[in-house]
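Reader: I'd like to walk through this model with you, a few spots at a time. Can you show it to me before we start?

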Amino acid sequence: MISKETIDKIFSTARVEEVISDFVTLKKSGSNYKGLSPFVDEKTPSFMVSPAKQIWKDFSSGKGGNVVTFIMEQEHYTYPEALRYLAKKYNIEIDEDQVELSEQQKETYQNKESLYQLSEVAGEYFQDQLWKTEEGKNIALSYFQERGLREEVIQYFHLGYSPKNKNSFTQFVLSKGYKKEILEQTGLSIFKENSEQGIDRFRERIIFPIHSFSGRILGFGGRILQNHVKTAKYLNSPESEIYHKSKVLYGLFQAKSHITKEDNCYLVEGYMDVISLYQSGIKNVVASSGTSLTNDQIRLIKRLTNNITILYDGDSAGIKASFRGIDMILEQDMNVRVLLFPNGEDPDSFVQKHSSDEIENFFKYNIKDFIQFKTDVLLKEAQDDPIRKASLIRDIVSSIALIKNLIQKEIYVKECARLLDISEQVLFSELAQITQNKLESDRKEFKKEIKLQPVENKNEKVDFTYKIEEDILDLMLSYGDYEIKMNYIEGEEAYKTTVIEEIVHRFKEDDIQFSIDFYNKILVEIEDGIDKGELRTGEFFVKSEDENYTRFAAQKMLKKYFISENWQVKEIFVPSLEQNLSKNTKDVILKYKSVKIIQMIDKLAKDLETPDIEEEKRNNIFQQIIKLKILLKQIKDLENKVI
């Protein structure tokens, strides 16, 4: 766990405008900076950065926050990963706070970090062997060059080489102080029973480092170059505490920004497929590394896009694999298309034989929707056999049944009917039968989705309440620590306080709470701050680990429109919100109390409509309504007076 002191140092050192300018071209706009949104395509800049407040807001996508949340959004990092990214950028040493960890937890954590460190050392070692040794240059580098890979691509994927000597790497890392047990856990070295002399797992192979989502090396793939050797062509790191092949996609670290930008991910099988396609200009591509596609891998892609295009070899094994993958992707509520290469070709070999234009055209005219793809393949198998054709129809409808979106489902049924020359009624009947056999939870989910549709107008009467609540939070987050002078009755002596303290005090005296749980969570944090002698404004919340806090605080603190400095140049002085804080604070408190009283009166009036209500209870309710109406009039009178 990263210590609080380190987190504070990162926040105080990292400049939001510097970090964001690595990804977005920013131009000065008043006291802020403006640029095009990195998250959506737009022609008019709506992305704003405030150096003074150290926050950003993207008005196109609605995203916003601090320097850490920007890295989380841009690079799809977790909170700790974003902190580590910034610490590395600003050369901040990270202190790990392990006070709360048990001895066993400390040992587990330290062991995991050792595995990461060893993997990084191994990656650098293999790269050095490729670029700095004669053996590496003559064998591995020449192989890559024969395959047509450019040097910058080789470096971008951190490709390397493990030399012929059976224990070169093992001796190298042992001399660095790494223990035999750590080497065995990573699988980089193999030790025979009771032997201290290990051998290199990947000796005499070219090396493909496998990165995590955030760029840390988890494991390696190695390819043998000598065809006559009786051993596996490809060798992968074994499962370890940091490497789980079913939860990793090769090339995802390099491709993630391209996947987001293109809103599509190409999925292949091998390392060289990824690298060759990347070099040809298709950069939004990842590989399952020769393993069967898993739900964890699909969910990794879903963090970046809802669209997957599967690229498979044109043989029967590739086709069967694509069928399984299609259904798994549909189950994850994603869109899937398929591209089959000519028989005997894979993405790597195809790219080697064709120009960029030919590759682009092949993709353009041969990618098929999964319905069309499955229909084409299965019709060839069925030929004129009616039994097999009926089976293929059930197969395709079973895939359609996995789609959760009802509109999409109907469109696919109609497309399937057109392609198979069969009535829509028959297909809908088959779909209904399949749907009836699904789990009860799925049926409840469909019913819930339908029931939720007509509820839109129920909040119309309380929209005004939400607006006032937002105004109150706006004042507290943007100007909460500002000193104001307050009085509510004409002639009464004004007292000094702060915006936050005044609002919290007035809420507590009438036991008022917000209508939305999230707003109340913020209020509780602010009240807790007062108890601890702190005024928790937006600056407190934008540094929170909770992305909901940071986004909301940034939205309140950074407005899309602001008063231009040109007005003052023209001697036109527009009063700012800060100059009217006392009045605005009083007004919003009184308005909110009025709304709360009106809601109480409405509730009591509904209670009067209860059938067979006792006379005594009716009289009590009447008395309460009269008192509330008197109170409401007093508040309205205060609202109308200018103090």
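Reader: Is H158 buried, partly exposed or exposed?
Author: First, a word on the ground rules: this is a predicted model, where local features need pLDDT of at least 70, side-chain atom pairs count only at pLDDT 80 or more, and totals for chains, interfaces and linings use all residues. Residues are numbered from 1 along each chain as its sequence is written, and side-chain values use heavy atoms, with hydrogens and water left out. Buried means under 20% relative accessible area and exposed over 50%, with partly exposed in between (1.4 Å probe, protein chains only). H158 comes out at 26% relative accessibility, so it counts as partly exposed.

Reader: Where does H158 lie?
Author: Helices (H or I, at least four residues) and strands (E, at least two) are DSSP runs, numbered from the N terminus. H158 isn't a glycine, yet it has a positive phi of about 55°. Its place is the loop between helix 7 and strand 6 (160-162).

Reader: Which class, stacked or edge-to-face, does the pair of Y156 and Y278 fall into?
Author: Rings of Phe, Tyr and Trp (its six-membered ring) pair if their centres lie within 6.5 Å; planes under 30 degrees apart count as stacked, over 60 as edge-to-face and the rest as tilted. By this rule there are 39 aromatic pairs. For Y156 and Y278 the centres are 5.1 Å apart and the planes sit at 20°, so the pair is stacked.

Reader: How many residues apart in sequence are the parts that Y156 and Y278 tie together?
Author: Y156 is partly exposed at 34% relative accessibility, while Y278 is buried with a relative accessible area of 11%. Y156 lies in helix 7 (residues 151-156) and Y278 in helix 11, so the pair ties together parts that are apart in sequence by 122 residues.

Reader: How many residues of helix 11 are buried?
Author: Go along helix 11 (residues 271-279) and the buried list reads Y271, M272, D273, V274, I275, S276, L277, Y278 and Q279. The helix is largely enclosed by the rest of the structure, because the buried count is nine of the nine.

Reader: Are helix 17 and helix 18 roughly parallel or roughly antiparallel?
Author: Axes are lines fitted to C-alpha atoms, for helices over the stretch in contact, and angles run from 0 to 180 degrees between N-to-C directions. Helix 17 (residues 386-401) and helix 18 (residues 406-420) have axes 10 Å apart, at an angle of about 160°. Angles under 35 degrees count as roughly parallel, over 145 as roughly antiparallel, 65 to 115 as roughly perpendicular and the rest as oblique. These two helices are therefore roughly antiparallel.

Reader: Which residues do ring pairs link into a cluster with Y519?
Author: One of the aromatic pairs is F514 with Y519, edge-to-face at 6.1 Å centre to centre and 85° between the planes. Both F514 and Y519 are buried. Besides Y519, the cluster has F507, F514, F518, F540, F541, Y549, F552 and Y592.
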